[in-house]
Amino acid sequence: MSNKVIKACVAAVNLTHGRAVKYGSTDGTVTIAGAGDRGIGVTDCPGGVTAGEPVDVVLSGITDMVIGDGPGGAGTTSAAGMPLRALAGGALGQTPSTADTSYWTVGYPTVTASPGDIVPGMVMPGRVTF
């Protein structure tokens with residue numbers, strides 16, 4: 001039994017598995033979410049999809065997430081339970097705890113992870129302010 005909320009969308013660009021996405025410019029499409037974007041979910045497409053093909057997007061629930069460089073740059077880990085935001089290329093990284101700063105978040109990892117890891121994470125889009 002799956003406890004995921006999944007929405008079938010159309011890939012506006014080539015997409016790979018476990019990446020943050022945002023709505024595309026055309027209704028029903030998604031594209032890669034980058035730094036500062038409001039990610040809506042995470043792709044569930046082992047093997048990837050090409051532009052124009054259907055892609056499953058996990059809007060809520062536990063799924064694979066690709067971890068990227070966090071607030072400190074190369075080699076920064078993302079701690080279990082800390083909010084993740086979209087980074088370049090749709091990877092997810094921990095939000096820096098910088099005073100008076102607000103971030104769109106996509107969810108959080110369920111384990112501590114290093115850049116390049118693919119880990120289970122909870123998709124739960126929102127916003128955090130420090």
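Two strands count as paired if DSSP finds at least two bridges between them.

A note to myself on the source: this is a predicted model, where local features need pLDDT of at least 70, side-chain atom pairs count only at pLDDT 80 or more, and totals for chains, interfaces and linings use all residues. Residues are numbered from 1 along each chain as its sequence is written, and side-chain values use heavy atoms, with hydrogens and water left out.

**Entry: the whole chain**

I went through the elements and found zero helices and nine strands. For overall size, I read a C-alpha box of roughly 40 × 30 × 25 Å along the principal axes. The radius of gyration, taken over C-alpha atoms, is compared with a globule rule of 2.2 Å times the number of residues to the power 0.38. For 130 residues, a compact globule would come near 14 Å, and the 13 Å of this chain agrees with that. I also noted that 42% of the 130 residues are buried; buried means under 20% relative accessible area, exposed over 50%, and partly exposed in between, with a 1.4 Å probe and protein chains only.

**Entry: around β3**

Back to the hairpin: β2 and β3 have five residues between them, and G28 in the turn shows a positive phi of about 85 degrees. Within this pairing, I found K22 opposite T31 in β3. On checking β1, I saw two bridges to β3, and these strands run parallel. There, V10 stands opposite T29 in β3.

**Entry: salt bridges**

I counted two salt bridges in the structure, each being a side-chain nitrogen of Lys or Arg within 4 Å of a carboxyl oxygen of Asp or Glu. One joins the side chains of K4 and D44, at 3.4 Å from N to O. K4 sits in the segment before β1 (5–11) and D44 in strand β4 (residues 41–44), so this pair ties together parts 40 residues apart in sequence. K4 is partly exposed at 29% relative accessibility.

K22 turned up again in a salt bridge with D37, where the closest N and O atoms are 3.2 Å apart. K22 belongs to strand β2 (residues 20–23) and D37 to the loop between β3 (29–32) and β4, so the pair links parts 15 residues apart in sequence. I noted K22 as partly exposed at 26%, and D37 as partly exposed at 22%.

A86 lies in strand β6 (residues 84–86) and is buried at 2% relative accessibility.

Last, I turned to Q94 in strand β7 (residues 92–94). Q94 is buried, with a relative accessible area of 14%, and its side chain reaches the backbone nitrogen of A79 at 2.7 Å.

Note on methods
Helices (H or I, at least four residues) and strands (E, at least two) are DSSP runs, numbered from the N terminus. A polar contact is a pair of N or O atoms within 3.5 Å; within protein, one must be able to donate a hydrogen and the other to accept it, and residues adjacent in sequence count only if both atoms are side-chain atoms.
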